[in-house]
Amino acid sequence: MVKPAAKREAVKELQKSFEVSLRRACGLMRLSISSYYYRGGSARDDGPLRVALREGASRRRRWGYRMLTDMLRRQGFEDNHKRIYRIYREEGLQVPVRKRHKKGRWRGEKPVSPTGPNQRWSMDFMSDQLANGRRIRTLNIIDDFTRECLAIEVDTSINGNRVCRVLDRLVAERGRPEKILTDNGPEFTGKALDRWAYEHCVEQQFIQPGKPVQKCFVESFNGTCRDECLNEHWFLSLEDAREIIDLWREDYNRIRSHSSLGRISPREYAAQFAQNPLRATPCAPSERNPSPIQQHKTPTKTLSL
């Protein structure tokens, strides 16, 4: 019972069945004495107001109820704005919001493989869920040259400002990169990351929309993280997910061998490159395994005459 009319009927039933006073019955129903004795007048005819609202909305299709209220005032209607808004909603005259489709920020530049550490970092998002069904997101940041996973930020929601805070922490630990490579997601194309890149003199590079292969390094890492970590563990809570994923990240950097780095771990490769910068540049993930046609292709034999 939420309406006063229903509570009045309940008060009458209490007085009739249990012979309690009116004050006590109203107190039990949480109804004031004045509300019990109140008798509303006859319902007001809203027909002319509804007709005027519909006519005005048909002529001014992009006007909301405030503009229509001003128009009704000029026509002589003195109804309260709350009544006008209630009828406006009942008639379904709300103005539909036109969604602006974000365009990709790709400018035609194709990513080129880096030739040293901290030349380019790649970032991407992944999603998973906890044991209770709550969704979580991970922000994966890797160094495209050494293949090191610099950070995996785990939370239920990660916006552009949170991305900037993670980058600030990484810059304090290992210096700033020359470029950051991302897709055209709203967290990466927003003003927060754009301002951060400008203040830190870091070039923002976006992939061509619909071409995730242009950020092949982080996409390859995402597949490994999904297969070896997210699909292998049952996260009981957000803290449990953060602890397990961070332990796996350390194992990935220190122990797990990488096929494109000569079967050594990313951290070992970074140490070797620091001692000998003239070593070969690692290959892209698409270059690791030859295609089946290339694997089974036999060299042609030449006949000597």
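Select Arg254, which is partly exposed, with a relative accessible area of 44%; buried means under 20% relative accessible area, exposed over 50%, and partly exposed in between (1.4 Å probe, protein chains only). This is a predicted model, in which local features need pLDDT of at least 70, side-chain atom pairs count only at pLDDT 80 or more, and totals for chains, interfaces and linings use all residues. Residues are numbered from 1 along each chain as its sequence is written, and side-chain values use heavy atoms, with hydrogens and water left out.

Arg254 belongs to helix α11 (residues 238-254); helices (H or I, at least four residues) and strands (E, at least two) are DSSP runs, numbered from the N terminus. Ser265 is 11 residues from Arg254 in sequence, and their C-alpha atoms are 5.8 Å apart.

Turn next to the aromatic rings. The structure holds 10 aromatic pairs. Rings of Phe, Tyr and Trp (its six-membered ring) pair if their centres lie within 6.5 Å; planes under 30 degrees apart count as stacked, over 60 as edge-to-face and the rest as tilted.

Select Phe145 and Phe273: their ring centres are 4.8 Å apart and their planes stand at 65°, so this pair is edge-to-face. Phe145 lies in the loop between β2 (135-143) and β3 (149-155) and Phe273 in helix α12 (residues 266-275), so the pair ties together parts that are 128 residues apart in sequence. Both are buried, Phe145 with a relative accessible area of 1% and Phe273 with 11%.

Proceed to Phe221 and Tyr252, an edge-to-face pair with 5.0 Å from centre to centre and 80° between the planes. Phe221 is in helix α10 (residues 216-228) and Tyr252 in helix α11, so parts that are 31 residues apart in sequence are tied together by the pair. Phe221 is buried at a relative accessible area of 2%, and Tyr252 is buried at 3%.

Then select Tyr65, Tyr85 and Tyr88, which form one aromatic cluster.

Gln205 counts as buried, at 3% relative accessibility. Leaving out residues up to four places away in sequence, Gln205 touches Glu109, Lys110, Pro111, Arg120, Lys179, Ile180, Leu181 and Thr182.

How values were computed. Contact = heavy atoms within 4.5 Å.
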